[in-house]
Amino acid sequence: MTLLARAGLLFAGTITAILATAAPALAHGADAPNGTDYRVTVTAAGHPDLRVRVIEAGARLELTNTGDTPVEVIGYSGEPYLRIGPDGVYENSRSPATYLNRTLVGDTALPAEADPAAEPRWHRVDGGTTARWHDQRALWREAEPPAQVRAAPDREHRVRDWVVPLRGADGPAEIRGTLDWVPPPDAYTWWVVTVVGVLAVGALGVLPAASGPGRRALVALGGLLIVGGATAVALALGRTLDAGAQGPGAVLAGLLTGPVWTLLTGLGAIAAGTRAATGGGASSARSHVDFVVALAGVCLALFAGVTNIAGFSRAVLPTPWPPTVARALVVLVVVAGAGALAAALLRLHTAARRPTATTAATR
């Protein structure tokens, strides 16, 4: 089999592995989606002491009460659902919203005590002054998009205006916002850019490892892994910030309990890239470095690239940056990871064949 054919099979295997892993990646994380085509916007917080924002690509609302008196979020049947104040955040265990809002799809079974007409039974769930929850009034929960979207899916549409009732010391208030359909991007374009990038980087593996160009190619692969790893760390940080983390402690906790695999593979790619960027030295050392590059590349592509690849086909992404920037970062991660994997495996294959060719020539 020719070298070109082997390279083609290697690339096909890498892409197959990525696509095979992509299916569950796109489906997991119901409470923190990897992307959506519905944009949730808060237009009014209801009171000067309240800060309300949308987090997790619109999956949750976040309310912070900076005032001296508590405020209640009203549930779907007019009952008290949440109470947020200086003494902490409380849930009413008798409110159906307490259970329905635990998941994005609202499919939690209601216990017997859930009765919106009953006297509230408050349970403290947090010592701070910030509450985060899924609110079905701000979401589109149907499987099919609205009729106006089906009629013209290439245009942006206002789906509805939404209202979340509040009750405070000054009387009733409302959080107001909008829900819009945003046309998704052309995923084909992003996939083409990604595939071309992977092929270009993988072609570096054709250069003989022991030659001057081959040694420079290893240094280039190391640099690319460093950039790809740093980009993966940035994606993990962006996901954590979009989930509502504020302050160094909260951000660190969010990184370690949220996109931890993206973070770890990014840091691993930086370490492997630093090792490769220093050069391989002797042939045995180069083979060791090539193996490290291949391992870091496949982890980076699968655990940092694929887990964010839903952004190729979704309009609203769970990052604090514009969607186009986030997609470009994902492309960079996949190209760096899958490209480094392909190049390193080609270099390892060539190195493994060299002793056999030398022995045959001696005979």
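**Ground rules**

I number residues from 1 along each chain as its sequence is written, and I leave hydrogens and water out, so that side-chain values use heavy atoms. As the model is predicted, local features need pLDDT of at least 70 and side-chain atom pairs count only at pLDDT 80 or more, while totals for chains, interfaces and linings use all residues.

**Entry: helix H7**

I looked up H7, which covers residues 260–277. Helices here are DSSP runs of H or I with at least four residues, strands are E runs of at least two, and both are numbered from the N terminus. H7 has 18 residues and should span 26 Å at 1.5 Å a residue; its end C-alpha atoms are 25 Å apart, which agrees. The expected span is 1.5 Å times one less than the number of residues.

I then listed the buried residues of H7: Thr262, Leu263, Thr265, Gly266, Ala269, Ala272, Gly273 and Ala276. Buried means under 20% relative accessible area, exposed means over 50%, and partly exposed lies in between (1.4 Å probe, protein chains only). I noted the general rule beside the list: an α-helix has 3.6 residues a turn, so residues three or four places apart point the same way.

What does Ala272 touch beyond its neighbours within four places in sequence? Ala272 is in contact with Leu225, Val292 and Ala296, where contact means heavy atoms within 4.5 Å. The C-alpha atoms of Ala272 and Ala296 are separated by 6.4 Å, although the two are 24 residues apart along the chain. Ala272 has a relative accessible area of 6%, so I wrote it down as buried.

**Entry: a nonpolar patch**

On the surface I found a nonpolar patch of Trp261, Leu264, Leu267 and Phe303, with about 430 Å² of accessible area together. Such a patch takes residues with over 30% relative accessible area and no salt bridge, and joins nonpolar side chains (Val, Leu, Ile, Met, Phe, Trp, Tyr) within 5 Å; like charges are joined within 9 Å. The areas come from the Shrake-Rupley method with a 1.4 Å probe, and for residues only the protein chains shown count as cover. H7 supplies the largest share of the patch, 3 residues. Phe303 sits in helix H8, residues 283–305, and counts as partly exposed at 37% relative accessibility.

**Entry: the cores**

Which residues of the largest nonpolar core touch the most other members? They are Leu225, Val293, Leu300, Phe312, Val330 and Val333, in a core of 32 residues. Helices H4 (187–202), H5 (212–242), H7, H8 and H9 (323–362) each give two or more residues to this core. H9 gives the most, with 11 residues. A nonpolar core is a set of buried Ala, Val, Leu, Ile, Met, Phe, Trp, Tyr and Cys residues joined through side-chain atoms within 4.5 Å. A second, separate core has 28 residues, among them Val73, Leu82, Val89 and Ala138.

I also checked Thr240 in helix H5. Thr240 is buried at 4% relative accessible area and touches Ala245, Val251, Gly254, Leu255 and Pro259, not counting residues up to four places away in sequence.

**Entry: salt bridges**

I counted 12 salt bridges, each a side-chain nitrogen of Lys or Arg within 4 Å of a carboxyl oxygen of Asp or Glu. In one of them, Arg39 pairs with Glu156, with the closest N and O atoms 2.4 Å apart. Arg39 lies in strand E1 (residues 38–44) and Glu156 in the loop between helix H3 (147–151) and strand E9 (157–168), so the pair ties together parts that are 117 residues apart in sequence. Arg39 is partly exposed at 30%, and Glu156 is partly exposed at 44%.

Asp161 and Arg158 form another bridge, at 3.5 Å between the closest N and O atoms. Asp161 is exposed at 55%, whereas Arg158 is partly exposed at 47%. Arg39, Glu156, Arg158, Asp161 and Asp180 are linked in a network of salt bridges.

Most residues other than glycine have a negative phi. Glu56 has a positive phi near 55°, and Ala57 has one of about 55°. Glu56 is buried at 11% relative accessible area, and Ala57 counts as buried at 8%.
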